[in-house]
Amino acid sequence: MDDAEILFFKPCEKLLPLVRYYYVLKSQKTFSTLTFPLGCSQIIFHKGTPLFIPELNSRQSIFTISGQVNFPTHVSTSEDTEMVVAVFHPHTIGLFIDTPPSSFYNLEISGYDIGNKDLSELAARIFDCGDNSHCVRMIEHRLLTKLSDASLSNCTRIGATIKKLMEYPSIPITALADTACLCKKQFERVFSRCVGMQPKEYARVVRFQKSLRFMQNGHYDDTDIVYECGFADQSHFIREFKNFSGHTPRGLQNVGCIYSDLFTNPLIQAAQ
């Protein structure tokens with residue numbers, strides 16, 4: 001995507017714990033890129049031609065909600081790409097769409113299909129607006145109107161466990177449940193409803209993304225990655241890496257796509 005223009009936008013202070021960032025991507029050239037399980041859900045507004053996802057044999061809706069996935073994809077685009085995107089923290093999108101993320105696990109669904117009138121009206125306003133910076137402000141205003149203290153209770157619990165999981169990807173589920181002050185069964189139910197996948201599976205995504213982060217920073221020693229990212233052994237690391245990327249760690253270096261979305265803050269990189 002070297003020819004694409006990407007602009008990142010920082011959420012307001014009140015939304016920073018809930019929204020990672022917004023971005024606008026524009027390109028007048030066809031491109032195809034390999035993407036991995038991100039660990040975060042997104043809301044996407046396509047002003048140009050939506051992305052095609054061959055693994056799902058489908059094209060995204062002009063208004064798409066992208067859920068948690070556990071497989072790599074080779075997204076492609078036409079010559080008129082223009083998309084406005086909100087990227088949420090792993091556990092927060094459900095606060096804003098009144099639909100549990102577990103209902104669109106491994107799916108790209110149309111935002112029109114969830115029957116949320118406010119979101120559909122927001123999409124219409126965005127498609128009519130020629131100023132993408134203003135589009136981001138409209139999205140942010142809509143998110144702010146949905147916030148309530150009551151809705152943040154479970155979100156705060158699960159957020160604390162995700163923070164611990166990103167630091168210690170091999171932490172036992174029972175320890176995460178203790179952090180959330182919930183029994184194991186209740187924790188797994190609440191985590192799945194907030195995040196969109198079970199905690200054990202999400203830990204796999206975190207380990208993979210953390211290994212990408214090490215490689216992105218120039219650390220390619222398998223032994224170090226196995227230890228720091230919580231893999232059982234080298235074969236476990238290689239097997240999981242291939243499941244999530246389609247390549248072995250060495251093979252991906254030749255493709256040149258080593259970048260951790262979950263452990264990289266593009267707002268900081270853009271400011272540097």
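What covers the buried residues of α3?

Modeller: This is a predicted model, in which local features need pLDDT of at least 70 and side-chain atom pairs count only at pLDDT 80 or more, while totals for chains, interfaces and linings use all residues. Residues are numbered from 1 along each chain as its sequence is written, and side-chain values use heavy atoms, with hydrogens and water left out.

The cover of the buried residues of α3 includes the strands β1 (5–9), β2 (19–27), β4 (42–46) and β9 (81–88), together with the helices α1 (94–97) and α2 (117–127). Helices (H or I, at least four residues) and strands (E, at least two) are DSSP runs, numbered from the N terminus. The residues of α3 that are buried are Asn132, Cys135, Val136, Met138, Ile139, Glu140, Arg142 and Leu143. Buried here means under 20% relative accessible area, exposed over 50%, and partly exposed in between (1.4 Å probe, protein chains only).

The helix α3 itself comprises 15 residues, 132–146. At the start of α3, a side-chain oxygen of Asp131 comes to within 3.0 Å of the backbone nitrogen of Ser133. A polar contact is a pair of N or O atoms within 3.5 Å; within protein, one must be able to donate a hydrogen and the other to accept it, and residues adjacent in sequence count only if both atoms are side-chain atoms.

Cys135, one of the buried residues of α3, has a relative accessible area of 0%. The closest cysteine sulfur to that of Cys129 belongs to Cys135, at 3.8 Å, which is too far for a bond. Cys129 also counts as buried, because its relative accessibility is 14%. With a disulfide defined as a pair of cysteine sulfur atoms within 2.5 Å, the structure holds 0 disulfides.

The sheet may be described next. It is open, with 6 strands in the order β1-β2-β9-β4-β7-β10 and antiparallel pairing. Two strands pair if DSSP finds at least two bridges between them. β1 and β10 (108–110) stand at the edges, each with a single partner strand, so one side of each has no neighbour in the sheet. On average, neighbouring strands of this sheet are turned by 20° against each other, direction ignored.

Within the sheet, β4 pairs with β7 (residues 63–66) in the antiparallel sense over 4 bridges, and Ile44 stands opposite Thr64 in β7. α2 lies across β4 and β7, running at about 40° to β4. α3 packs on the sheet, touching β1, β2, β4 and β9, and its direction makes about 150° with that of β2. Axes are lines fitted to C-alpha atoms, for helices over the stretch in contact, and angles run from 0 to 180 degrees between N-to-C directions; contact means heavy atoms within 4.5 Å.

A polar atom of the Ser27 side chain lies 3.2 Å from the backbone oxygen of Lys29. Ser27 is also among the residues in contact with Asp80, when neighbours of Asp80 within four places in sequence are left aside. Asp80 is placed in the loop between β8 (73–77) and β9, and its side chain makes a polar contact with the side chain of Thr49 (2.6 Å).

Terms used:
Expected span 1.5 Å × (residues − 1).
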